[in-house]
Amino acid sequence: MKTPTAIIADDEEPMRQLLRARLHEAWPQLQIVAEAANGVEAIALTGLHQPDIVFLDIRMPGLSGIEAARMLFNRCHIVFVTAYDQYAIEAFEQGALDYLLKPAGGERLKTTCARLQARLGKAPDNIERQLTQLLAHTTQRKPQEFLKWIQAQVGSSLRMISTREVLFFRADEKYTRVQTMEGEVLIRKTLKELEDELDPKEFWRIHRSTLVRVDAISEVKRDLRGRQMVRVRHSDEELEVSRGNTHLFQQM
């Protein structure tokens, strides 16, 4: 039997690596032949490799996963990978679309892999109608309600942290560090997910590894190397501002 092949498309490399590792655990025979950072790359790589399956992140720059799927659904089996989005999940549950929630794993991944294995060798389902409905569902959604609470596992307890308490978030390998006046905790939610869910008027992405609460900023200065550095109240740390984000402080 032909070895099953797949492509993973996600604009965050750590999420691609995580999904690759989880898929290897759940389905060792599946060969990941390529990875794409956006929908355009996913389409090009699908044409090149002709995979059986494409795992598509819904939110990608340039061309979303849903838009890419509309060009690919009749050529391969499609699985969407998404952060928790109630509106999108409701649409998935009403149709024949396969999806995984970030971080992918657990029983949902096993179920999806089993469904895909049963479909291999068969023509992909015609999901054009479901994709059209999903696109409309996600583009005509209700006004966004921004994240107000952070859930952090501390030992055997679940701690609820108001976003008003957060001074900054920093990427820390597989985790994200949440810094408050009282200290720090680690969560598994990525910075990209947080950036999508937090009010952009309250939190700014000053670096690929840092989100900072705007009203916690006490000082912005340049170090000896000419880099912009941010200081926040109640913390001794200096947070670097990437060159692409220096415009945030031009008027400060």
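Analyst: Contact here means heavy atoms within 4.5 Å. The model is predicted, so to speak of local features requires pLDDT of at least 70, while side-chain atom pairs count only at pLDDT 80 or more and totals for chains, interfaces and linings use all residues. Residues are numbered from 1 along each chain as its sequence is written, and side-chain values use heavy atoms, with hydrogens and water left out.

User: Which residues does Leu 56 touch, not counting residues up to four places away in sequence?

Analyst: Leu 56, with Ile 78, Phe 80 and Leu 131, touches the most other members of the largest nonpolar core, which has 26 residues (buried Ala, Val, Leu, Ile, Met, Phe, Trp, Tyr and Cys joined through side-chain atoms within 4.5 Å). Beyond four places in sequence, Leu 56 touches Ile 78, Val 79, Phe 80, Val 81, Ala 9, Ala 42, Gly 65, Ala 68 and Ala 69.

User: How is H2 oriented relative to H3?

Analyst: Gly 39, Ala 42, Ile 43 and Thr 46 of H2 meet Ala 68, Met 71 and Leu 72 of H3. The axes of the two helices, H2 and H3, come within 9 Å and cross at roughly 25°. That angle (under 35 degrees by the cut-off) therefore makes H2, relative to H3, roughly parallel.

Notes. Buried < 20%, exposed > 50% of the residue type's maximum accessible area, 1.4 Å probe, protein only. Axes fitted to C-alpha atoms, helices over the stretch in contact; angles between N-to-C directions. Helix = DSSP H or I, 4+ residues; strand = E, 2+ residues; numbered from the N terminus. Parallel < 35°, antiparallel > 145°, perpendicular 65-115°, else oblique.
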